[in-house]
Amino acid sequence: MSRNLIVIPARMHATRLPGKPLADIAGEAMIVHIVRLAEASGAGPVIVATDAQEIYDVVMQADGRAIMTSVDHPSGSDRVHEAVHALADEEQAEIIINLQGDLPTLAPDLINQCITPLLNTPTTDIATLAAEIVTPEEIDNANVVKVVGTPIHAAGHLRALYFTRATAPHGPGPLYHHIGIYAYRRAALNRFVALPQSPLEKREKLEQLRALEAGMQIDVAIVDTVPLGVDTPADLERARAMLQTKSA
């Protein structure tokens, strides 16, 4: 039994790029790239949780592991939760990593860095990542989620106070681009998916605010790179160019 379990939720019906888990990048489906990167991290066993038979088949044909889950889940966290409780051998994993399936340029070590706040601070419920914003156009971009936090005793870690699509906090100092990878303590994941949607979650359309509004503790490891998230056809072309260049 591994202490950690990496679960990659994947579905076919993304609004801006339908079918993106199966989009070809350098000869392989994007979801397969994510599985390979997760395995390369060495952080724990990797499984794809999906509601689509075609995603399941592609992952299994690539010698990955996949599990079918309900089509009715409102979020990736709910899909991860179902998968965790359906797996007998990893059922007692202490830390569950929810890894997005649309980060094909992810540096594998970011997964390990995401776990560190849970290892350093026993009171932390959920851990995630952020990087300092260095590109001016990200500052006012509502698609770039910012984390507002205060430094804690561990070097390079923040205690999350808020997540927002607005430019925050005000005044001089760094702004941080949130990276949507989450590591949950098992009990925290169970609690989180049982909570109703919260007012600020609905307003900002950011589910991590549900945890903060319920008094859960989220700590953030600061890293120096932001992986490209593939949400649009233009993003997909950028990822293809980056990975084809890398493999050349």
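Helices (H or I, at least four residues) and strands (E, at least two) are DSSP runs, numbered from the N terminus. The exercises below use these element names, and the model they concern is predicted.

**Exercise 1. Backbone angles in loops**

Task: State where Asp63 is found, what its phi is, and whether Asp63 is buried or exposed. Then do likewise for Lys205.

Solution. 
- Step 1. Asp63 is found in the loop between α2 (53–61) and β5 (66–68).
- Step 2. The phi of Asp63 is near 65°, a positive value in a residue other than glycine.
- Step 3. Exposed means over 50% relative accessible area. Asp63 has 70% relative accessibility and so counts as exposed.
- Step 4. Lys205 sits in the loop between α7 (199–204) and α8. Its phi is near 60°, a positive value, and Lys205 is not a glycine.
- Step 5. With a relative accessible area of 65%, Lys205 is exposed.

**Exercise 2. A cis peptide bond**

Task: Identify which peptide bond is cis with omega near 0°, and place its proline in the fold.

Solution. 
- Step 1. The bond runs from Ala168 to Pro169.
- Step 2. Pro169 belongs to the loop between β9 (157–164) and β10.

**Exercise 3. The surroundings of Ser77**

Task: Determine whether Ser77 is buried or exposed, and list the polar contacts of its side chain.

Solution. 
- Step 1. Ser77 lies in helix α3 (residues 76–86).
- Step 2. Buried means under 20% relative accessible area. The value for Ser77 is 0%, so Ser77 is buried.
- Step 3. The Ser77 side chain makes a polar contact with the side chain of Glu207, at 2.8 Å. Another polar contact, at 3.2 Å, joins it to the side chain of Tyr184.
- Step 4. Leaving out residues up to four places away in sequence, Ser77 touches Asn98, Tyr184, Leu189, Phe192, Val193 and Glu207.

**Exercise 4. The cavity**

Task: Find how many cavities of 30 Å³ or more there are, and describe the lining of the largest cavity.

Solution. 
- Step 1. The count comes to one cavity of 30 Å³ or more.
- Step 2. The largest cavity holds about 40 Å³ of space.
- Step 3. Its lining consists of Ile126, Tyr182, Tyr184, Phe192, Glu207, Gln208, Ala211 and Ile218.
- Step 4. Sorted by type, the lining residues are six nonpolar, one polar and one charged.
- Step 5. β10 (176–185) and α8 (208–213) each supply at least two residues of this lining.

**Exercise 5. Nonpolar cores**

Task: Name the residues of the largest nonpolar core that touch the most other members, and say which helix gives the most to this core.

Solution. 
- Step 1. The largest nonpolar core has 37 residues, of which Ile6, Ile8, Ile31, Val48, Leu99 and Ile181 touch the most other members.
- Step 2. Helix α1 (residues 30–41) gives the most to this core, with six residues.
- Step 3. Another core, of 32 residues, lies apart from it; among its members are Leu5, Ala93, Ile126 and Val193.
- Step 4. Residues in contact with Ile181, not counting those up to four places away in sequence, include Ile97, Leu99, Leu103 and Cys114.

**Exercise 6. Arg185**

Solution. 
- Step 1. Arg185 lies in strand β10.

Definitions and conventions. Residues are numbered from 1 along each chain as its sequence is written. This is a predicted model: local features need pLDDT of at least 70, side-chain atom pairs count only at pLDDT 80 or more; totals for chains, interfaces and linings use all residues. Side-chain values use heavy atoms; hydrogens and water are left out. On a 1 Å grid over the protein atoms alone, a cavity is a set of points where a 1.4 Å probe fits but cannot get out, and a pocket is an open set with protein on both sides within 12 Å along at least five of seven lines; lining residues have an atom within 4 Å of a point. Grid points are joined across faces, edges and corners, and a volume is the space filled by probe spheres set on the points. Ala, Val, Leu, Ile, Met, Phe, Trp, Tyr, Cys and Pro count as nonpolar, Asp, Glu, Lys and Arg as charged, and the others, Gly among them, as polar. Buried means under 20% relative accessible area, exposed over 50%, partly exposed in between (1.4 Å probe, protein chains only). A polar contact is a pair of N or O atoms within 3.5 Å; within protein, one must be able to donate a hydrogen and the other to accept it, and residues adjacent in sequence count only if both atoms are side-chain atoms. Contact means heavy atoms within 4.5 Å. A nonpolar core is a set of buried Ala, Val, Leu, Ile, Met, Phe, Trp, Tyr and Cys residues joined through side-chain atoms within 4.5 Å.
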